[in-house]
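Good morning, and thank you for coming.

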Amino acid sequence: MTSLAIAANGLRKSYGDKVVLDGIDLSVPEGTVFSLLGPNGAGKTTAVKILSTLITADAGEIRVGGHDLATDPQAVRAAIGVTGQFSAVDGLITGEENMLLMADLHHLPRAEGRRVAAELLERFDLTEAAKKPASTYSGGMKRRLDIAMTLVGDPRIIFLDEPTTGLDPRSRHNMWGIIRQLVSGGVSVFLTTQYLEEADELADRIAVLSDGKIAAEGSADELKRLIPGGHVRLRFTDPAAYQSAASTLREVARDDEALALQIPSDGSQRELRSILDWLSVANIEADELTVHTPDLDDVFFALTGGADIPHQPNQPKENVR
Amino acid sequence: MSSLSLAVRDSSTMLRRNLLHARRYPSLTLNLLLTPIMLLLLFVYIFGDAMSAGIGGADRSAYIAYIVPGILLMTIGSTVVGTAVSVSGDMTEGIIARFRTMAIHRGSVIIGHVVGSVLQAIISVVLVGAVAVAIGFRSTDATVLEWLAAFGLLVLFALALTWIAVGMGLISPNAEAASNNAMPMILLPLLSSAFVPVDAMPGWFQPIAEYQPFTPAIETLRGLLLGTEIGNNGWISVAWSLGLAVLGYRWSAAKFNSDPK
(Lines give C-alpha, C1' and ligand atoms only; values in the text may rest on other atoms or scores of the structure.)
Protein backbone atom coordinates (compact mmCIF):
# COMPACT_ATOMS: atom_id res chain seq x y z
CA MET A 1 0.00 0.00 0.00
CA THR A 2 1.39 3.37 -0.91
CA SER A 3 0.99 6.16 1.59
CA LEU A 4 -0.65 9.43 0.79
CA ALA A 5 1.27 12.66 0.39
CA ILE A 6 -1.93 14.67 0.68
CA ALA A 7 -5.25 13.55 2.09
CA ALA A 8 -8.16 15.91 2.57
CA ASN A 9 -11.70 15.13 3.63
CA GLY A 10 -14.61 17.50 3.47
CA LEU A 11 -12.51 20.57 2.78
CA ARG A 12 -14.65 23.65 3.12
CA LYS A 13 -13.99 27.36 2.78
CA SER A 14 -16.23 30.34 2.28
CA TYR A 15 -15.67 34.06 2.22
CA GLY A 16 -18.80 35.64 3.61
CA ASP A 17 -21.74 34.23 1.65
CA LYS A 18 -19.56 32.97 -1.15
CA VAL A 19 -18.78 29.28 -0.85
CA VAL A 20 -15.41 28.72 -2.51
CA LEU A 21 -14.80 25.09 -1.58
CA ASP A 22 -17.88 23.05 -0.80
CA GLY A 23 -16.60 19.97 0.98
CA ILE A 24 -14.07 18.48 -1.39
CA ASP A 25 -12.05 15.29 -0.89
CA LEU A 26 -8.55 14.93 -2.27
CA SER A 27 -5.99 12.19 -2.08
CA VAL A 28 -2.57 12.27 -3.65
CA PRO A 29 -0.38 9.15 -3.41
CA GLU A 30 3.31 9.74 -2.79
CA GLY A 31 5.47 10.26 -5.85
CA THR A 32 2.61 11.15 -8.18
CA VAL A 33 1.39 14.28 -9.92
CA PHE A 34 -2.10 15.35 -9.04
CA SER A 35 -3.69 18.10 -11.06
CA LEU A 36 -6.54 20.26 -9.94
CA LEU A 37 -8.14 21.57 -13.07
CA GLY A 38 -10.72 24.29 -13.27
CA PRO A 39 -11.72 27.60 -14.79
CA ASN A 40 -10.74 30.91 -13.22
CA GLY A 41 -12.41 31.40 -9.88
CA ALA A 42 -13.18 27.72 -9.37
CA GLY A 43 -11.28 27.67 -6.07
CA LYS A 44 -7.99 26.12 -7.18
CA THR A 45 -5.80 28.73 -5.55
CA THR A 46 -7.87 28.65 -2.37
CA ALA A 47 -7.31 24.89 -2.19
CA VAL A 48 -3.56 25.36 -2.58
CA LYS A 49 -3.50 28.13 0.02
CA ILE A 50 -5.27 25.90 2.52
CA LEU A 51 -3.18 22.80 1.85
CA SER A 52 0.03 24.81 2.07
CA THR A 53 -0.96 26.31 5.47
CA LEU A 54 -1.27 29.85 4.13
CA ILE A 55 -4.92 30.19 5.14
CA THR A 56 -7.13 28.07 7.37
CA ALA A 57 -10.04 25.95 6.20
CA ASP A 58 -13.50 26.38 7.70
CA ALA A 59 -13.88 22.63 7.98
CA GLY A 60 -12.25 19.43 6.87
CA GLU A 61 -9.63 16.94 7.95
CA ILE A 62 -6.37 17.48 6.17
CA ARG A 63 -3.12 15.58 6.34
CA VAL A 64 -0.09 16.66 4.35
CA GLY A 65 3.05 14.54 4.45
CA GLY A 66 1.43 12.52 7.21
CA HIS A 67 1.01 15.56 9.49
CA ASP A 68 -2.27 17.01 10.64
CA LEU A 69 -2.59 20.47 9.16
CA ALA A 70 -4.66 21.85 12.00
CA THR A 71 -2.53 20.65 14.92
CA ASP A 72 0.97 20.62 13.45
CA PRO A 73 1.27 23.18 10.66
CA GLN A 74 5.01 23.65 11.24
CA ALA A 75 5.65 19.96 10.45
CA VAL A 76 3.60 20.34 7.28
CA ARG A 77 5.60 23.43 6.34
CA ALA A 78 8.85 21.52 6.81
CA ALA A 79 7.67 18.89 4.31
CA ILE A 80 6.35 21.13 1.55
CA GLY A 81 7.50 23.64 -1.03
CA VAL A 82 5.14 26.13 -2.62
CA THR A 83 5.35 28.04 -5.85
CA GLY A 84 2.40 30.35 -6.05
CA GLN A 85 0.61 31.87 -8.95
CA PHE A 86 2.35 35.18 -8.43
CA SER A 87 6.06 34.87 -8.25
CA ALA A 88 7.26 34.60 -4.69
CA VAL A 89 10.67 36.12 -5.25
CA ASP A 90 12.11 39.21 -3.61
CA GLY A 91 12.43 41.61 -6.53
CA LEU A 92 14.65 44.07 -4.67
CA ILE A 93 17.55 41.66 -4.25
CA THR A 94 19.45 39.54 -6.75
CA GLY A 95 18.62 36.00 -7.80
CA GLU A 96 21.61 34.71 -5.90
CA GLU A 97 20.64 36.63 -2.76
CA ASN A 98 17.13 35.17 -3.03
CA MET A 99 18.64 31.69 -3.11
CA LEU A 100 20.95 32.38 -0.16
CA LEU A 101 18.00 33.82 1.76
CA MET A 102 16.20 30.48 1.31
CA ALA A 103 19.33 28.57 2.34
CA ASP A 104 19.56 30.65 5.53
CA LEU A 105 15.87 30.10 6.32
CA HIS A 106 16.37 26.35 5.90
CA HIS A 107 19.29 26.66 8.33
CA LEU A 108 21.84 25.21 5.94
CA PRO A 109 25.46 25.76 6.96
CA ARG A 110 26.95 28.67 5.00
CA ALA A 111 29.16 26.60 2.69
CA GLU A 112 26.39 24.13 1.92
CA GLY A 113 23.94 26.97 1.32
CA ARG A 114 26.30 28.50 -1.24
CA ARG A 115 26.79 25.13 -2.93
CA VAL A 116 23.03 24.38 -3.12
CA ALA A 117 22.28 27.89 -4.37
CA ALA A 118 24.94 27.70 -7.08
CA GLU A 119 23.78 24.22 -8.17
CA LEU A 120 20.15 25.22 -8.47
CA LEU A 121 20.97 28.46 -10.27
CA GLU A 122 23.01 26.40 -12.72
CA ARG A 123 20.27 23.78 -13.10
CA PHE A 124 17.66 26.43 -13.87
CA ASP A 125 19.92 28.31 -16.23
CA LEU A 126 20.11 31.39 -14.05
CA THR A 127 23.84 31.53 -13.35
CA GLU A 128 24.38 34.41 -15.76
CA ALA A 129 21.58 36.48 -14.25
CA ALA A 130 22.44 35.54 -10.66
CA LYS A 131 23.91 38.94 -9.79
CA LYS A 132 21.03 40.98 -11.21
CA PRO A 133 18.00 42.12 -9.19
CA ALA A 134 15.14 39.65 -9.59
CA SER A 135 12.78 42.49 -10.59
CA THR A 136 14.68 42.76 -13.88
CA TYR A 137 14.01 39.09 -14.78
CA SER A 138 11.60 38.04 -17.52
CA GLY A 139 8.44 36.14 -16.58
CA GLY A 140 9.99 32.79 -17.40
CA MET A 141 13.15 33.57 -15.45
CA LYS A 142 11.17 34.68 -12.40
CA ARG A 143 9.18 31.46 -12.50
CA ARG A 144 12.39 29.43 -12.74
CA LEU A 145 13.92 31.34 -9.84
CA ASP A 146 10.70 30.78 -7.93
CA ILE A 147 10.90 27.00 -8.40
CA ALA A 148 14.64 27.01 -7.67
CA MET A 149 13.92 28.76 -4.35
CA THR A 150 11.21 26.22 -3.55
CA LEU A 151 13.72 23.40 -4.08
CA VAL A 152 16.38 24.73 -1.69
CA GLY A 153 14.89 22.82 1.23
CA ASP A 154 14.55 19.63 -0.82
CA PRO A 155 10.79 19.36 -0.17
CA ARG A 156 9.04 16.00 -0.72
CA ILE A 157 5.71 17.58 -1.61
CA ILE A 158 5.52 20.52 -3.98
CA PHE A 159 2.53 22.74 -4.68
CA LEU A 160 2.59 24.44 -8.05
CA ASP A 161 -0.23 26.94 -8.48
CA GLU A 162 -0.63 27.61 -12.21
CA PRO A 163 3.10 27.40 -12.80
CA THR A 164 2.89 28.14 -16.52
CA THR A 165 0.20 30.82 -16.62
CA GLY A 166 1.54 33.72 -18.63
CA LEU A 167 4.58 31.88 -19.94
CA ASP A 168 5.43 31.64 -23.62
CA PRO A 169 5.27 28.17 -25.22
CA ARG A 170 9.01 27.54 -24.92
CA SER A 171 9.10 28.48 -21.23
CA ARG A 172 6.02 26.34 -20.68
CA HIS A 173 7.69 23.30 -22.18
CA ASN A 174 10.79 23.98 -20.10
CA MET A 175 8.61 24.11 -16.99
CA TRP A 176 7.04 20.77 -17.91
CA GLY A 177 10.52 19.29 -18.22
CA ILE A 178 11.38 20.62 -14.77
CA ILE A 179 8.22 19.13 -13.26
CA ARG A 180 8.90 15.72 -14.85
CA GLN A 181 12.42 15.81 -13.43
CA LEU A 182 11.07 16.51 -9.96
CA VAL A 183 8.65 13.60 -10.15
CA SER A 184 11.34 11.22 -11.36
CA GLY A 185 13.18 12.16 -8.17
CA GLY A 186 10.24 10.86 -6.13
CA VAL A 187 8.63 14.18 -5.29
CA SER A 188 4.84 14.42 -5.06
CA VAL A 189 3.39 17.31 -7.02
CA PHE A 190 0.07 19.08 -6.51
CA LEU A 191 -0.48 21.09 -9.66
CA THR A 192 -3.25 23.50 -10.48
CA THR A 193 -3.77 24.59 -14.01
CA GLN A 194 -6.35 25.90 -16.39
CA TYR A 195 -4.58 24.31 -19.32
CA LEU A 196 -6.01 20.90 -20.11
CA GLU A 197 -3.01 20.02 -22.19
CA GLU A 198 -0.82 20.57 -19.18
CA ALA A 199 -2.83 18.25 -16.96
CA ASP A 200 -2.90 15.69 -19.77
CA GLU A 201 0.90 15.89 -20.17
CA LEU A 202 1.89 15.77 -16.53
CA ALA A 203 -0.74 14.44 -14.20
CA ASP A 204 -1.29 10.88 -12.99
CA ARG A 205 -4.65 11.90 -11.67
CA ILE A 206 -6.82 14.86 -12.49
CA ALA A 207 -9.68 16.36 -10.54
CA VAL A 208 -11.95 18.85 -12.25
CA LEU A 209 -13.01 21.57 -9.85
CA SER A 210 -16.16 23.46 -10.71
CA ASP A 211 -18.12 25.79 -8.44
CA GLY A 212 -16.31 24.57 -5.35
CA LYS A 213 -17.01 20.89 -6.00
CA ILE A 214 -15.05 18.11 -7.64
CA ALA A 215 -17.02 17.50 -10.84
CA ALA A 216 -14.97 14.45 -11.86
CA GLU A 217 -11.78 12.71 -10.93
CA GLY A 218 -9.58 10.13 -12.59
CA SER A 219 -6.70 9.65 -14.99
CA ALA A 220 -6.77 11.66 -18.21
CA ASP A 221 -7.95 8.56 -20.10
CA GLU A 222 -10.68 7.82 -17.58
CA LEU A 223 -11.94 11.37 -17.83
CA LYS A 224 -11.92 11.28 -21.62
CA ARG A 225 -13.99 8.11 -21.52
CA LEU A 226 -16.62 9.93 -19.48
CA ILE A 227 -17.92 11.83 -22.44
CA PRO A 228 -18.38 11.23 -26.13
CA GLY A 229 -15.83 12.79 -28.35
CA GLY A 230 -13.98 10.75 -30.99
CA HIS A 231 -15.16 10.94 -34.57
CA VAL A 232 -14.10 11.02 -38.18
CA ARG A 233 -15.13 14.15 -39.99
CA LEU A 234 -15.80 14.11 -43.75
CA ARG A 235 -16.02 17.43 -45.51
CA PHE A 236 -17.37 17.97 -49.02
CA THR A 237 -17.08 20.93 -51.37
CA ASP A 238 -19.91 19.84 -53.70
CA PRO A 239 -23.38 20.10 -52.08
CA ALA A 240 -24.73 17.34 -54.31
CA ALA A 241 -21.97 14.93 -53.24
CA TYR A 242 -22.66 15.92 -49.62
CA GLN A 243 -26.39 15.25 -49.94
CA SER A 244 -25.89 11.88 -51.55
CA ALA A 245 -23.30 10.84 -48.96
CA ALA A 246 -25.56 12.03 -46.14
CA SER A 247 -28.49 10.01 -47.41
CA THR A 248 -26.31 6.95 -47.97
CA LEU A 249 -24.68 7.04 -44.56
CA ARG A 250 -27.86 8.10 -42.74
CA GLU A 251 -26.87 7.47 -39.13
CA VAL A 252 -24.11 10.03 -39.03
CA ALA A 253 -24.30 13.53 -37.58
CA ARG A 254 -24.75 16.22 -40.21
CA ASP A 255 -23.44 19.72 -40.38
CA ASP A 256 -25.29 21.12 -43.40
CA GLU A 257 -23.64 24.50 -43.32
CA ALA A 258 -20.11 23.18 -43.42
CA LEU A 259 -21.09 20.30 -45.70
CA ALA A 260 -19.52 17.94 -43.17
CA LEU A 261 -20.47 14.56 -41.75
CA GLN A 262 -19.27 13.06 -38.51
CA ILE A 263 -18.89 9.34 -37.99
CA PRO A 264 -18.28 8.21 -34.41
CA SER A 265 -14.90 6.55 -34.00
CA ASP A 266 -12.34 5.88 -31.30
CA GLY A 267 -9.55 6.83 -33.68
CA SER A 268 -7.94 3.39 -33.81
CA GLN A 269 -6.41 2.14 -37.05
CA ARG A 270 -8.79 -0.81 -37.13
CA GLU A 271 -11.90 1.34 -36.92
CA LEU A 272 -10.50 3.83 -39.35
CA ARG A 273 -9.87 1.09 -41.92
CA SER A 274 -13.39 -0.25 -41.58
CA ILE A 275 -14.80 3.25 -42.03
CA LEU A 276 -12.67 3.72 -45.15
CA ASP A 277 -13.81 0.35 -46.48
CA TRP A 278 -17.40 1.30 -45.81
CA LEU A 279 -16.95 4.61 -47.66
CA SER A 280 -15.37 2.86 -50.69
CA VAL A 281 -18.21 0.35 -50.84
CA ALA A 282 -20.76 3.18 -50.67
CA ASN A 283 -18.73 5.01 -53.29
CA ILE A 284 -18.36 8.15 -51.24
CA GLU A 285 -15.37 10.36 -51.81
CA ALA A 286 -14.92 13.20 -49.34
CA ASP A 287 -12.71 16.16 -50.14
CA GLU A 288 -11.23 16.17 -46.67
CA LEU A 289 -11.09 13.52 -43.95
CA THR A 290 -9.94 14.35 -40.44
CA VAL A 291 -9.79 12.22 -37.30
CA HIS A 292 -10.79 13.83 -33.99
CA THR A 293 -9.87 12.11 -30.76
CA PRO A 294 -11.60 13.23 -27.57
CA ASP A 295 -9.43 15.53 -25.52
CA LEU A 296 -9.66 17.03 -22.08
CA ASP A 297 -11.17 20.14 -23.59
CA ASP A 298 -14.28 18.10 -24.31
CA VAL A 299 -14.32 16.79 -20.76
CA PHE A 300 -13.69 20.19 -19.31
CA PHE A 301 -16.47 21.93 -21.17
CA ALA A 302 -18.88 19.11 -20.47
CA LEU A 303 -18.15 19.11 -16.75
CA THR A 304 -17.71 22.77 -15.94
CA GLY A 305 -20.95 23.92 -17.48
CA GLY A 306 -19.49 25.29 -20.69
CA ALA A 307 -22.33 25.61 -23.19
CA ASP A 308 -21.45 23.26 -26.03
CA ILE A 309 -18.91 20.57 -26.36
CA PRO A 310 -16.74 21.72 -29.23
CA HIS A 311 -16.21 19.64 -32.37
CA GLN A 312 -19.44 17.69 -32.08
CA PRO A 313 -22.65 19.62 -32.33
CA ASN A 314 -25.90 17.66 -32.16
CA GLN A 315 -24.19 14.37 -31.69
CA PRO A 316 -26.55 11.93 -30.02
CA LYS A 317 -24.98 10.04 -27.17
CA GLU A 318 -26.06 6.58 -28.32
CA ASN A 319 -24.03 7.02 -31.46
CA VAL A 320 -20.77 6.64 -29.60
CA ARG A 321 -19.01 3.42 -30.56
CA MET B 1 16.71 23.73 17.36
CA SER B 2 15.08 25.37 20.35
CA SER B 3 12.36 27.85 19.58
CA LEU B 4 14.40 30.76 20.96
CA SER B 5 17.45 30.05 18.83
CA LEU B 6 15.15 29.49 15.85
CA ALA B 7 13.59 32.90 16.52
CA VAL B 8 16.98 34.59 16.80
CA ARG B 9 18.39 32.91 13.73
CA ASP B 10 15.40 33.51 11.45
CA SER B 11 14.92 37.07 12.71
CA SER B 12 18.55 37.90 11.98
CA THR B 13 18.14 36.43 8.48
CA MET B 14 15.11 38.67 7.97
CA LEU B 15 17.02 41.63 9.41
CA ARG B 16 19.81 41.03 6.88
CA ARG B 17 17.20 41.01 4.13
CA ASN B 18 15.74 44.34 5.29
CA LEU B 19 19.14 45.98 5.69
CA LEU B 20 20.02 44.78 2.19
CA HIS B 21 16.87 46.50 0.91
CA ALA B 22 17.72 49.70 2.79
CA ARG B 23 21.30 49.67 1.56
CA ARG B 24 20.35 49.02 -2.03
CA TYR B 25 17.50 51.53 -2.10
CA PRO B 26 18.54 54.26 0.36
CA SER B 27 16.44 56.99 -1.26
CA LEU B 28 13.39 56.38 0.95
CA THR B 29 15.44 56.63 4.15
CA LEU B 30 17.31 59.69 2.94
CA ASN B 31 14.15 61.46 1.80
CA LEU B 32 12.65 61.01 5.24
CA LEU B 33 15.73 62.64 6.78
CA LEU B 34 15.12 65.80 4.80
CA THR B 35 12.02 66.84 6.79
CA PRO B 36 13.69 67.14 10.22
CA ILE B 37 16.87 68.66 8.78
CA MET B 38 14.95 71.25 6.76
CA LEU B 39 12.78 72.17 9.74
CA LEU B 40 15.88 72.50 11.89
CA LEU B 41 17.57 74.85 9.42
CA LEU B 42 14.34 76.78 8.77
CA PHE B 43 13.58 77.41 12.42
CA VAL B 44 17.17 78.28 13.30
CA TYR B 45 18.23 80.44 10.35
CA ILE B 46 14.94 81.96 9.19
CA PHE B 47 12.76 82.15 12.31
CA GLY B 48 15.65 81.78 14.80
CA ASP B 49 15.85 85.32 16.13
CA ALA B 50 12.13 85.70 16.67
CA MET B 51 11.80 82.23 18.19
CA SER B 52 14.74 82.91 20.45
CA ALA B 53 13.15 86.13 21.70
CA GLY B 54 9.92 84.22 22.22
CA ILE B 55 11.50 81.76 24.67
CA GLY B 56 13.40 84.58 26.40
CA GLY B 57 16.78 83.57 25.01
CA ALA B 58 19.59 85.99 24.36
CA ASP B 59 20.33 85.00 20.77
CA ARG B 60 19.83 82.36 18.11
CA SER B 61 22.08 79.79 19.84
CA ALA B 62 19.61 79.63 22.74
CA TYR B 63 16.95 78.52 20.30
CA ILE B 64 19.27 75.92 18.73
CA ALA B 65 19.59 74.36 22.17
CA TYR B 66 15.81 74.46 22.63
CA ILE B 67 14.83 72.96 19.28
CA VAL B 68 17.35 70.13 18.85
CA PRO B 69 15.83 67.57 21.28
CA GLY B 70 12.48 67.92 19.54
CA ILE B 71 14.10 67.62 16.12
CA LEU B 72 15.90 64.42 17.18
CA LEU B 73 12.63 62.82 18.29
CA MET B 74 10.92 64.09 15.18
CA THR B 75 13.60 62.30 13.17
CA ILE B 76 12.41 59.05 14.72
CA GLY B 77 8.80 59.90 13.88
CA SER B 78 9.87 60.61 10.33
CA THR B 79 11.91 57.43 9.78
CA VAL B 80 9.10 55.17 11.02
CA VAL B 81 6.89 56.51 8.23
CA GLY B 82 9.39 54.70 6.01
CA THR B 83 8.85 51.59 8.12
CA ALA B 84 5.09 51.68 7.54
CA VAL B 85 5.65 52.16 3.82
CA SER B 86 8.15 49.34 3.49
CA VAL B 87 6.10 46.92 5.62
CA SER B 88 2.96 47.50 3.55
CA GLY B 89 4.95 47.19 0.34
CA ASP B 90 6.56 44.01 1.57
CA MET B 91 3.21 42.43 2.50
CA THR B 92 1.98 42.75 -1.07
CA GLU B 93 4.99 40.74 -2.30
CA GLY B 94 4.61 37.06 -3.06
CA ILE B 95 7.72 36.34 -1.00
CA ILE B 96 5.78 36.97 2.22
CA ALA B 97 3.32 34.22 1.24
CA ARG B 98 6.34 32.00 0.70
CA PHE B 99 7.69 32.82 4.17
CA ARG B 100 4.32 31.93 5.67
CA THR B 101 4.48 28.44 4.15
CA MET B 102 7.99 27.77 5.43
CA ALA B 103 8.95 26.17 8.73
CA ILE B 104 10.50 29.34 10.09
CA HIS B 105 9.85 31.32 13.24
CA ARG B 106 6.47 32.92 12.67
CA GLY B 107 7.34 36.36 13.97
CA SER B 108 10.73 36.65 12.30
CA VAL B 109 9.41 38.61 9.31
CA ILE B 110 8.05 41.33 11.59
CA ILE B 111 10.95 41.25 14.05
CA GLY B 112 13.34 41.70 11.15
CA HIS B 113 11.45 44.81 10.12
CA VAL B 114 11.34 46.18 13.67
CA VAL B 115 15.03 45.70 14.43
CA GLY B 116 16.03 47.04 11.02
CA SER B 117 13.81 50.06 11.48
CA VAL B 118 15.15 50.86 14.98
CA LEU B 119 18.71 50.63 13.63
CA GLN B 120 17.81 52.99 10.78
CA ALA B 121 16.12 55.39 13.19
CA ILE B 122 19.22 55.50 15.40
CA ILE B 123 21.50 56.06 12.40
CA SER B 124 19.18 58.86 11.26
CA VAL B 125 19.22 60.44 14.73
CA VAL B 126 23.04 60.36 14.68
CA LEU B 127 23.10 62.02 11.24
CA VAL B 128 20.62 64.74 12.23
CA GLY B 129 22.50 65.15 15.54
CA ALA B 130 25.68 65.72 13.53
CA VAL B 131 23.97 68.47 11.55
CA ALA B 132 22.80 70.02 14.84
CA VAL B 133 26.33 69.99 16.24
CA ALA B 134 27.63 71.46 12.99
CA ILE B 135 25.32 74.47 13.31
CA GLY B 136 26.30 75.04 16.91
CA PHE B 137 24.34 72.68 19.21
CA ARG B 138 26.28 71.77 22.35
CA SER B 139 25.17 69.50 25.14
CA THR B 140 26.27 71.50 28.18
CA ASP B 141 27.43 69.65 31.27
CA ALA B 142 25.69 66.31 30.52
CA THR B 143 27.34 63.40 32.35
CA VAL B 144 28.14 60.05 30.72
CA LEU B 145 25.18 58.58 32.59
CA GLU B 146 22.89 61.24 31.17
CA TRP B 147 24.21 60.57 27.69
CA LEU B 148 23.49 56.87 28.10
CA ALA B 149 20.03 57.63 29.45
CA ALA B 150 19.38 59.93 26.46
CA PHE B 151 20.50 57.20 24.08
CA GLY B 152 18.32 54.65 25.90
CA LEU B 153 15.31 56.96 25.67
CA LEU B 154 15.84 57.43 21.93
CA VAL B 155 16.09 53.67 21.36
CA LEU B 156 13.01 52.95 23.48
CA PHE B 157 11.03 55.68 21.75
CA ALA B 158 12.12 54.40 18.33
CA LEU B 159 11.07 50.88 19.30
CA ALA B 160 7.63 52.09 20.41
CA LEU B 161 6.94 54.14 17.28
CA THR B 162 8.29 51.35 15.07
CA TRP B 163 5.85 48.78 16.45
CA ILE B 164 2.98 51.19 15.86
CA ALA B 165 4.27 51.91 12.35
CA VAL B 166 4.49 48.16 11.60
CA GLY B 167 0.83 47.81 12.58
CA MET B 168 -0.03 50.75 10.33
CA GLY B 169 1.92 49.15 7.50
CA LEU B 170 0.10 45.84 7.99
CA ILE B 171 -3.37 47.39 7.73
CA SER B 172 -2.44 49.50 4.68
CA PRO B 173 -3.22 47.98 1.29
CA ASN B 174 -0.44 49.91 -0.46
CA ALA B 175 2.45 52.28 0.07
CA GLU B 176 0.38 55.45 -0.40
CA ALA B 177 -2.13 54.38 2.22
CA ALA B 178 0.70 53.45 4.60
CA SER B 179 2.28 56.85 4.14
CA ASN B 180 -1.04 58.56 4.91
CA ASN B 181 -1.78 56.33 7.89
CA ALA B 182 1.63 57.06 9.38
CA MET B 183 1.24 60.83 8.95
CA PRO B 184 0.54 61.44 12.69
CA MET B 185 4.13 60.33 13.37
CA ILE B 186 5.32 63.48 11.59
CA LEU B 187 2.46 65.77 12.66
CA LEU B 188 2.49 65.01 16.40
CA PRO B 189 5.94 66.54 17.01
CA LEU B 190 4.71 69.77 15.35
CA LEU B 191 1.94 69.87 17.98
CA SER B 192 4.35 69.22 20.87
CA SER B 193 6.82 71.29 22.85
CA ALA B 194 9.42 70.75 20.10
CA PHE B 195 9.31 74.29 18.71
CA VAL B 196 7.67 76.37 21.44
CA PRO B 197 7.01 75.66 25.14
CA VAL B 198 3.57 74.32 25.93
CA ASP B 199 2.74 77.24 28.26
CA ALA B 200 3.31 79.66 25.36
CA MET B 201 0.42 77.98 23.48
CA PRO B 202 -3.28 78.99 23.73
CA GLY B 203 -4.92 77.48 26.78
CA TRP B 204 -7.40 75.29 24.88
CA PHE B 205 -4.55 73.75 22.89
CA GLN B 206 -2.24 73.00 25.80
CA PRO B 207 -3.82 69.61 26.68
CA ILE B 208 -3.29 68.43 23.09
CA ALA B 209 0.37 69.31 23.30
CA GLU B 210 0.79 67.96 26.79
CA TYR B 211 -0.99 64.61 26.67
CA GLN B 212 0.80 63.02 23.74
CA PRO B 213 3.97 60.94 23.61
CA PHE B 214 6.31 63.49 22.04
CA THR B 215 6.13 66.26 24.63
CA PRO B 216 7.26 64.27 27.70
CA ALA B 217 9.96 62.53 25.62
CA ILE B 218 11.21 65.92 24.35
CA GLU B 219 11.21 67.40 27.85
CA THR B 220 13.12 64.39 29.17
CA LEU B 221 15.70 64.54 26.39
CA ARG B 222 16.07 68.28 26.94
CA GLY B 223 16.68 67.71 30.62
CA LEU B 224 19.24 64.97 29.99
CA LEU B 225 21.19 66.91 27.34
CA LEU B 226 20.80 70.48 28.64
CA GLY B 227 20.12 70.12 32.35
CA THR B 228 16.58 71.57 32.35
CA GLU B 229 13.94 70.35 34.78
CA ILE B 230 12.71 66.82 33.91
CA GLY B 231 10.18 66.33 36.69
CA ASN B 232 7.71 63.51 36.00
CA ASN B 233 8.43 63.57 32.31
CA GLY B 234 11.02 60.80 32.54
CA TRP B 235 8.54 58.27 33.90
CA ILE B 236 5.75 59.49 31.73
CA SER B 237 7.79 59.08 28.56
CA VAL B 238 8.95 55.60 29.60
CA ALA B 239 5.31 54.68 30.26
CA TRP B 240 4.20 56.09 26.90
CA SER B 241 6.96 54.19 25.09
CA LEU B 242 6.30 50.87 26.81
CA GLY B 243 2.55 51.28 26.32
CA LEU B 244 2.87 52.08 22.62
CA ALA B 245 5.40 49.28 22.09
CA VAL B 246 3.13 46.67 23.71
CA LEU B 247 0.06 47.99 21.90
CA GLY B 248 1.87 48.07 18.55
CA TYR B 249 3.32 44.61 19.13
CA ARG B 250 -0.04 43.04 19.93
CA TRP B 251 -1.75 44.84 17.06
CA SER B 252 0.95 43.79 14.57
CA ALA B 253 1.02 40.20 15.79
CA ALA B 254 -2.77 39.91 15.49
CA LYS B 255 -2.73 41.41 12.01
CA PHE B 256 0.17 39.31 10.78
CA ASN B 257 -1.21 36.07 12.18
CA SER B 258 -4.65 36.44 10.68
CA ASP B 259 -5.26 34.86 7.28
CA PRO B 260 -3.92 36.97 4.44
CA LYS B 261 -6.47 38.05 1.86
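This is a predicted model: local features need pLDDT of at least 70, side-chain atom pairs count only at pLDDT 80 or more; totals for chains, interfaces and linings use all residues.

Residues 109–135 of chain B are 96% helix and 0% strand, with 39 Å between the end C-alpha atoms.

Let me turn to chain B as a whole. Its secondary structure consists of 12 helices and 0 strands. Along the sequence, the pattern of chain B therefore reads α-α-α-α-α-α-α-α-α-α-α-α. The C-alpha atoms of chain B occupy a box of roughly 65 × 35 × 35 Å along the principal axes. How does the radius of gyration of chain B agree with that of a compact globule? For 261 residues, such a globule would have a radius near 18 Å, and chain B has 19 Å, which agrees. Of the 261 residues of chain B, 46% count as buried. Among contacts in chain B with a separation of 6 or more, 80% are between residues 24 or more positions apart.

Chain A has another make-up. Its secondary structure comes to 11 helices and 14 strands. A box of roughly 80 × 45 × 40 Å, along the principal axes, holds the C-alpha atoms of chain A. Of the 321 residues of chain A, 44% count as buried. Where contacts in chain A join residues at least 6 apart in sequence, 69% of them join residues at least 24 apart.

I come next to the nonpolar cores. The largest has 90 residues, and the members that touch the most others are Met99(A), Ala148(A), Ile67(B) and Ile71(B). Helix α4 (residues 60–91) of chain B supplies the largest share of this core, 17 residues. Which residues does Met99(A) contact, leaving aside neighbours within four places in sequence? Met99(A) is in contact with Ala117(A), Leu120(A), Leu121(A), Ala148(A), Met149(A) and Val152(A). A second, separate core has 50 residues, including Ala8(A), Phe34(A), Leu69(A) and Leu160(A).

Some local features of chain A also deserve attention. Most residues other than glycine have a negative phi. Thr53(A), however, has a positive phi near 70°. Thr53(A) sits in the loop between α1 (44–51) and β4 (59–64) of chain A. Is Thr53(A) buried or exposed? Thr53(A) has 23 other C-beta atoms within 10 Å, so it is buried, the threshold being 20 or more.

His107(A) likewise has a positive phi, near 60°. This residue lies in the loop between α3 and α4 (110–123) of chain A. With 16 other C-beta atoms within 10 Å, His107(A) is partly exposed.

Gly186(A) is found in the loop between α6 (169–184) and β8 (188–193) of chain A. Gly186(A) has 9 C-beta neighbours inside 10 Å and therefore counts as exposed. Gly186(A) and Gly31(A) are 155 residues apart in sequence, yet their C-alpha atoms are 4.8 Å apart in space.

I end with helix α10 (residues 269–281) of chain A. Its 13 residues reach 18 Å from the first C-alpha to the last, close to the 18 Å expected at 1.5 Å a residue. Why does α10(A) lie largely in the open? The number of buried residues among its 13 is 0, so α10(A) lies largely in the open. Just after α10(A), Asn283(A) takes a positive phi of about 60°.

Note on methods
Residues are numbered from 1 along each chain as its sequence is written. Chains are lettered from A and ligands numbered from 1 in the order in which they are written. Helices (H or I, at least four residues) and strands (E, at least two) are DSSP runs, numbered from the N terminus. The radius of gyration is taken over C-alpha atoms; the globule rule is 2.2 Å times the number of residues to the power 0.38. A residue is buried if 20 or more other C-beta atoms lie within 10 Å of its own, exposed if 12 or fewer, and partly exposed in between; C-beta atoms are placed from the backbone. Two residues are in contact if their C-beta atoms, placed from the backbone, lie within 7 Å. The expected span of a helix is 1.5 Å times one less than its number of residues. A nonpolar core is a set of buried Ala, Val, Leu, Ile, Met, Phe, Trp, Tyr and Cys residues joined through C-beta atoms within 7 Å.
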